Amino acid sequence: MGQVIVVTSGKGGVGKTTTTANLGTALAQLGNRVVLVDADIGLRNLDVVMGLENRIVYDLVDVVEGNARLKQALIKDKRSENLYLLAAAQTREKKDVSAEQMKNLTDQLAREFDFVLLDCPAGIEDGFKNAIAGAQKAIIVANPEVSSVRDADRVIGLWDAQEGERSPAMLIVNRVRPRMVARGDMLEIDDMLEMLAVDLLGVVPEDDHIIVSTNRGEPAVYSRDSKAGKAFHNIARRLMGEAVPILDLEADESFWARFKRIVGFGRS
Amino acid sequence: MLDLISRVFGRDHSSADIARERLRLVLVHDRTNVSPQFLEALKEELIEVISRYMEIEEEGMDVTLQTAENQVALVANIPVRRMKRAAVGR
Ligand SMILES: Nc1ncnc2c1ncn2[C@@H]1O[C@H](COP(=O)(O)OP(=O)(O)OP(=O)(O)O)[C@@H](O)[C@H]1O
Ligand SMILES: [Mg+2]
């Protein structure tokens with residue numbers, strides 16, 4: 001049985017879809033069978049980030065309602081072995097799917113794939129509840145900002161309160177700008193971890209490659225010189241159980257920050 | 001609000017420090033709002049412990065979390081009817 005992992009955040013626009021696309025692609029590159037599920041029904045996005053928007057015939061709601069078989073609705077990504085997408089319905093609503101239906105769907109997918117990654121909609125309403133229904137693990141994406149961390153805390157609380165067997169939530173801090181952190185103008189990762197009391201899965205820097213790759217429909221992990229892509233690769237390896245250290249370099253630590261730490265001021 | 005924050009933190013605190021302290025406070029509030037049961041449970045246990053030593057007026061009891069300046073305080077207002085003799089004598 002594969003792992004069902006939901007990528008969620010509470011707050012919108014913090015990088016759930018970007019994370020799902022890049023992490024999924026990296027996991028597939030590392031030899032896993034991966035399916036990405038766009039659970040953001042009504043606001044289909046993952047397909048364009050993956051560059052698969054022209055190939056959708058059937059979507060998640062078609063499968064749930066029995067209008068299509070699961071096999072028919074899975075879109076194979078031609079660039080990666082073993083990478084598939086199940087798109088969200090665009091003209092339907094969150095309430096058209098129930099938590100139970102989602103759970104059945106992800107259970108079925110977990111029998112075929114090593115990793116089932118669910119791109120969760122923003123918010124904590126029906127769409128969120130459906131997306132977490134069948135997941136055993138949760139990746140919480142947060143930006144180093146007060147509102148985002150606050151919402152992350154709320155979502156972690158809801159995740160912990162769910163019934164069933166679930167692993168503790170894991171945090172990805174996205175859009176970190178090391179220069180700002182060094183200057184004291186951005187929350188530090190350690191402070192976020194302490195406040196949220198969660199395990200850190202990875203740190204992803206702010207990276208222009210993300211925007212370029214989204215324009216092209218090619219996740220940044222395909223690009224050799226994307227720092228964010230490298231960070232997502234490391235996260236994929238951690239998810240596979242490898243002990244990849246969380247390097248400061250992942251966030252492109254500036255010389256100044258390192259200097260401050262070596263000299264002993266900056267809190268490390 | 002900004003005014004208060006700059007008074008509390010002074011001018012030379014970085015914006016990250018300010019963000020961290022604001023977050024700390026807001027999370028304390030959010031977490032207790034999420035679970036009013038938490039305060040209720042705390043109240044029940046307080047009553048149990050305090051009643052060993054004094055007779056209190058449970059109806060008049062008030063337990064809240066309050067934020068002031070850069071601190072969160074648990075404020076309990078517990079009217080005492082009388083002290084128990086055994087506790088005094090011990
Ligand atoms: N590390 C990064 N560096 C630069 N830009 C980024 C990074 N991560 C995400 N972005 C940009 O931020 C925007 C929002 O990202 P994304 O769509 O992944 O967020 P989301 O959480 O899925 O949003 P929604 O809640 O609307 O579903 C996108 O334009 C994306 O390109
Ligand atoms: Mg999204």
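## Pockets, a cavity and an interface

The second largest pocket of this predicted model has a volume of about 380 Å³. Local features here need pLDDT of at least 70, side-chain atom pairs count only at pLDDT 80 or more, and totals for chains, interfaces and linings use all residues. Residues are numbered from 1 along each chain as its sequence is written, chains are lettered from A, and side-chain values use heavy atoms, with hydrogens and water left out.

**Exercise 1.** Find what lines the second largest pocket.

*Step 1.* On a 1 Å grid over the protein atoms alone, a pocket is an open set of points with protein on both sides within 12 Å along at least five of seven lines, while in a cavity a 1.4 Å probe fits but cannot get out; lining residues have an atom within 4 Å of a point. A volume is the space filled by probe spheres set on the points, which are joined across faces, edges and corners.

*Step 2.* Look at the middle: of 23 lining residues, Gly13(A), Val14(A), Gly15(A), Lys16(A) and Thr18(A) are the closest to the pocket's centre.

*Step 3.* Now the elements, which are DSSP runs numbered from the N terminus (helices: H or I, at least four residues; strands: E, at least two). Helix H1 (16-29), strand S7 (170-176) and helix H10 (208-216) of chain A each give at least two lining residues.

*Step 4.* Sort by class: 9 nonpolar, 8 polar and 6 charged. Gly counts as polar here; Asp, Glu, Lys and Arg are charged; Ala, Val, Leu, Ile, Met, Phe, Trp, Tyr, Cys and Pro are nonpolar; the others are polar.

**Exercise 2.** How many cavities of 30 Å³ or more are there, and what lines the largest cavity?

*Step 1.* The count is 1, and the largest cavity holds about 40 Å³ of space.

**Exercise 3.** Describe how chain A meets chain B.

*Step 1.* Count contacts (heavy atoms within 4.5 Å): 14 residues of chain A touch 13 of chain B.

*Step 2.* Check the buried area (accessible area, 1.4 Å probe, lost on being put together, summed over both parts). The two chains bury about 1,300 Å², 59% of it on carbon and sulfur atoms. In chain A, Val146(A), Arg150(A) and Met195(A) lose the most, together 44% of that side's share.

*Step 3.* Look for salt bridges (a Lys or Arg side-chain nitrogen within 4 Å of an Asp or Glu carboxyl oxygen). There are 4 across the interface, including Asp153(A) with Arg31(B) at 2.5 Å, N to O.
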